[in-house]
Amino acid sequence: MAVLRPENEEEVVRVLLERYERGSPVAVVGSGGKSGWGETVAAEDSLDLSGLSGVTLYEPNELVLSARAGTPLSMIETLLAENDQELAFEPMDAAPLFGGASGQATLGGTLAANVSGPRRIKAGAARDHVLGIRAVSGWGELFKSGGRVVKNVTGYDLSRGLSGSWGTLAVFTEITLKVLPKAPDSATLVVLGLNDAAGVDLLCAAMGSPWEVSSAAHVPAALSANLPVDLGAGGRALTLMRLEGVGPSVDYRAEKLRALAGDLEAVLVADTESRALWRHLRDASFFAGGQGALWRLSLPPLGGPRVVNSLKAAGSFRHFYDWSGGLLWLASEPGSEEALAALMRGTVEREGGYATLVRRGTTSADVPAFHPQAPALAALARNLRQNFDPKNILNPGRMG
Amino acid sequence: MTRLAMPAPFTDTLERRSEIVAALSAIVPGEGVVADERGMRPFECDGLTAYQQLPLAVVLPETVEQVSRVLAYCHENNVRVVPRGSGTSLSGGALPLEDAVLLVMSRFNRILEIDFPNRAVVVQPGVTNLAISKAVADRGFYYAPDPSSQIACSIGGNVAENSGGVHCLKYGLTTNNVLGVEMVLMDGEVVRIGGKRLDAEGYDFLGMIVGSEGLLGVVTEVTVRILQAPEIARALLLGFPSSEAAGACVGDVIAAGIIPAGMEMMDRPAILAAEDYAHAGYPRDVEALLIVELDGPLGEVGHLIAEVEKIARDNEASFVRVSQNEEERALFWLGRKAAFPAVGRLAPDYYCMDGTIPRRELPHVLKRMRELSEEYGLGVANMFHAGDGNLHPLILYDANVPGELEKAEAFGSDILKLCVEVGGVLTGEHGVGVEKRDLMGEMFNEQDIGHQQLLKAAFDNKHLLNPGKMFPQLCRCAELGRMHVHRGRIPFPDIPRF
């Protein structure tokens with residue numbers, strides 16, 4: 001088992017060209033924090049991209065930043081914070097879900113998995129913030145796509161298209177991102193004691209209001225005590241709505257949101273504590289350090305509570321909703337893994353969504369980690385993979 | 001008219017025309033197939049009117065099944081297909097080919113579902129952009145991307161071109177506002193991608209399809225996200241003694257952490273033309289005019305208006321006006337929105353360009369453009385989505401003067417090359433189409449284009465869908481299908497480089 005650690009783009013090309021010629025696969029790795037997410041890669045050797053590090057361009061007034069793929073996100077976020085800017089998609093740090101250390105994630109890994117946080121519902125996903133890429137395909141050839149400006153429709157949007165491809169089509173070497181001003185102030189209105197359906201209904205009403213809610217989550221009673229901030233909720237469920245912006249705007253909208261919530265009991269959480277809450281929700285930290293099966297469901301917001309109800313009959317689990325109900329994290333309790341897995345895909349499909357088995361636990365290897373696609377779409381995916389990586393050398397098996 | 005190199009027609013297709021028309025008529029009965037010259041004439045061009053071509057036949061399907069059967073038939077019989085929405089493309093994306101069926105989606109004009117709680121609307125592709133906003137307006141919602149042709153352009157066309165608009169600085173392009181599509185592939189296979197949810201599992205096909213200019217499939221249904229309209233929108237009209245000062249103001253607004261809903265700039269020729277035409281109250285003694293619109297909650301907009309006003313004054317603004325009501329805001333926009341017809345009065349013809357540059361390059365690019373204008377002896381008026389660096393120079397010419405169109409096109413090419421040279425791109429929102437395809441080499445090398453071709457081939461390996469668009473003609477990778485140019489070892493070394 002060899003670890004190949006290129007120091008620059010030319011070396012990535014050389015390594016992959018050689019691998020292409022031998023037909024010999026590699027596991028593509030940033031910091032390895034998400035190695036447990038998805039299927040096991042069928043490759044002895046790994047291509048470690050942490051040597052490709054550093055910000056290559058940052059122009060705050062142009063809202064643009066380029067960095068090599070192995071650059072730690074923490075380095076980028078620190079640099080941005082010095083200029084009161086941020087990555088608006090609020091990248092999730094998934095490593096602790098697999099027992100890894102937090103703060104290690106790389107830019108390339110973040111984009112390869114297209115992981116976004118609670119603000120995704122307003123600001124868009126990781127892929128929405130990619131302006132351009134440089135990458136090496138399974139042919140061992142370097143190519144670029146996109147550019148460094150926001151408005152660009154020149155050619156296919158491969159930058160976006162390769163996001164979320166888990167390193168199976170090409171290996172990013174450099175990424176150019178749109179960055180945005182960081183809101184100077186924030187607050188979160190937390191409504192107490194709603195059941196799932198009422199909570200998600202309220203979130204949808206808030207998202208459908210003009211009050212520019214930037215994140216909307218519902219944490220049922222079973223998990224509410226595990227948040228890092230004591231809200232005095234006494235073990236009740238929490239329905240959280242985040243407001244960000246300039247101070248006067250946040251205050252104004254907080255009043256409006258309170259009115260929207262009517263007679264419901266609510267508390268307003270100020271900036272610092274609000275940030276801590278959303279960081280916890282971003283990383284699904286309730287489930288960090290656990291071993292059991294962990295599911296991530298993406299579906300139309302109102303469908304979430306119905307899926308939860310259907311699954312309750314089959315087994316026990318803990319769960320919470322983000323993205324106004326459209327993102328459902330669900331952790332099986334011991335003994336329920338197989339029963340939940342058996343029902344999961346069919347149940348979520350009926351609601352127009354899909355389910356990813358993020359952490360397998362003891363779930364049978366027969367259950368695919370990624371949601372099986374309809375045959376025509378699966379055929380399209382095979383074509384694409386065949387065209388970009390004809391000898392199957394990039395992360396073979398990772399997406400099933 | 002300049003001669004445009006299009007892929008050589010399949011002679012076999014031309015010879016079998018009547019047989020093909022009969023087969024298509026069997027799939028789409030009644031008036032669904034138009035094959036007579038008079039009937040086809042209205043479809044001979046799109047918004048890029050310099051090029052015209054009658055198609056092999058026009059087909060107007062009504063059902064997904066008909067689209068699927070038409071494409072399957074064409075796939076089996078090696079017949080090329082050009083999809084068309086409302087035909088408002090400014091890059092020739094829907095330009096017909098002599099040997100291609102023109103698949104017109106205008107009968108797909110129904111709104112299928114409005115789902116307020118999930119903030120999604122499901123529509124057929126022929127529904128116009130504006131019709132979506134109108135359908136949800138009674139509950140205060142709207143669909144954010146607002147291309148200037150929104151009254152006519154179809155959502156299917158918006159998906160194909162990844163259309164933008166003046167508000168995309170804050171609200172994103174089509175790609176940021178589409179949640180899902182149903183699409184028919186060239187072999188007739190129907191696929192559904194995404195839905196009323198924020199993510200799609202597996203490869204991001206949705207991201208690849210939006211902006212693919214009708215080369216990957218024919219969209220038969222679109223799910224878009226809708227937003228609640230902001231509580232208030234207000235605009236500032238700002239005049240500056242130089243484009244440098246206006247450009248600096250734009251940079252300072254962004255640097256202050258403010259993302260306006262729209263930030264438009266006009267240069268002196270555009271200001272004067274617009275004012276003469278629309279009488280919007282624009283100052284006549286400034287070199288550059290900015291319209292900055294801020295929208296959102298009342299408590300926020302008032303605060304930000306004051307901040308922008310201060311930034312403008314710090315940047316030598318010689319004219320400052322803040323809209324006090326909706327009427328005045330509309331008036332500020334009136335001139336900008338009428339700018340195209342206004343410029344149209346300055347010369348018999350104009351040619352609209354669409355490059356994007358890094359904002360800070362604006363003064364340099366404007367200066368260089370004035371020099372080019374003198375070199376070519378053709379006037380130019382500039383409109384600019386200043387917030388995101390998207391330029392719309394309008395080159396003035398007279399098509400009746402022999403050689404002027406060619407000169408205008410050469411001028412346009414030089415402008416786009418200049419955009420790429422300063423770190424920008426060939427097209428910000430109008431698409432590559434036939435217009436800019438031969439300039440792709442300015443931005444992309446052979447390997448870059450080769451990898452785009454790999455995506456194309458995964459969807460349409462016979463290259464039957466919208467050929468001659470987006471990719472350079474005589475590009476060595478253009479006809480490769482699944483074969484790949486590998487490290488210069490190409491099968492036809494005698495084909496010239498573009």
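**Close-up views of a predicted two-chain complex**

**View 1. An open sheet of parallel strands in chain A.** In this predicted model, A:V29 stands opposite A:D48, a residue in strand 3 of chain A. The strands concerned are strand 2 and strand 3 (residues 45-48) of chain A, which pair in the parallel sense over four bridges. The open sheet to which they belong has three strands, in the order 1-3-2, and its pairing is parallel. Strand 1 (3-4) and strand 2 (26-29) of chain A stand at the edges with a single partner strand each, so one side of each is left without a neighbour in the sheet. Strands of a sheet pair through backbone hydrogen bonds, in either a parallel or an antiparallel manner.

**View 2. The contact between domain 2 and domain 3 of chain A.** Chain A is divided into domain 1 (3-181), domain 2 (185-282) and domain 3 (285-359). The centres of domain 2 and domain 3 of chain A, taken over C-alpha atoms, are separated by 22 Å. To their contact, domain 2 of chain A contributes 16 residues and domain 3 of chain A contributes 14 residues. On the side of domain 2 that touches domain 3, at least two residues each are supplied by helix 6, strand 12 (213-219), helix 7 (221-224) and helix 9 (271-282) of chain A. Helix 6 of chain A gives the most to this side, with six residues. By class, the residues on this side of domain 2 of chain A are twelve nonpolar, three polar and one charged.

**View 3. The contact between chain A and chain B.** Here 72 residues of chain A are in contact with 77 residues of chain B. Among the elements that give two or more residues to the side of chain A that touches chain B are strand 8 (142-146), helix 6 (196-207), helix 8 (247-261) and helix 12 (375-388) of chain A. Helix 12 of chain A gives the most to this side, with eight residues. The side of chain A that touches chain B has 34 nonpolar, 25 polar and 13 charged residues. For the complex, the predictor gives an ipTM of 0.96 and a pTM of 0.94.

**View 4. The largest nonpolar core and B:I395.** Of the 275 residues in this core, B:V59, B:V101, B:C249, B:L290 and B:I395 touch the most other members. Helix 9 (residues 243-255) of chain B gives the most to the core, with seven residues. Neighbours within four places in sequence aside, the contacts of B:I395 include B:Y350, B:M353, B:L378, B:V380 and B:F411.

**View 5. The loop that holds B:A399.** B:A399 lies in the loop between strand 18 (390-397) and helix 15 (404-421) of chain B. With 15 other C-beta atoms within 10 Å, B:A399 is partly exposed, because this count falls between the 12 or fewer of an exposed residue and the 20 or more of a buried one. Leaving aside neighbours within four places in sequence, B:A399 is in contact with B:P348, B:D349, B:E404 and B:L405. B:L455 is 56 residues apart from B:A399 along the chain, and 38 Å separate their C-alpha atoms.

View 6. The mean pLDDT of chain B is 91, and 94% of its residues reach 70 or more. Over residues 475-498 of chain B, however, the pLDDT is below 50. Where pLDDT is low, the predicted coordinates should not be read in detail.

Technical notes
Residues numbered from 1 in each chain as written. Chains lettered and ligands numbered in written order. Predicted model: local features only at pLDDT ≥ 70, side-chain atom pairs only at ≥ 80, totals over all residues. Contact = placed C-beta atoms within 7 Å. Nonpolar A, V, L, I, M, F, W, Y, C, P; charged D, E, K, R; others polar. Domains from an automatic or database assignment. pLDDT = per-residue confidence, 0-100. Pairing = 2+ DSSP bridges. Core = buried A, V, L, I, M, F, W, Y, C linked by C-beta atoms within 7 Å.
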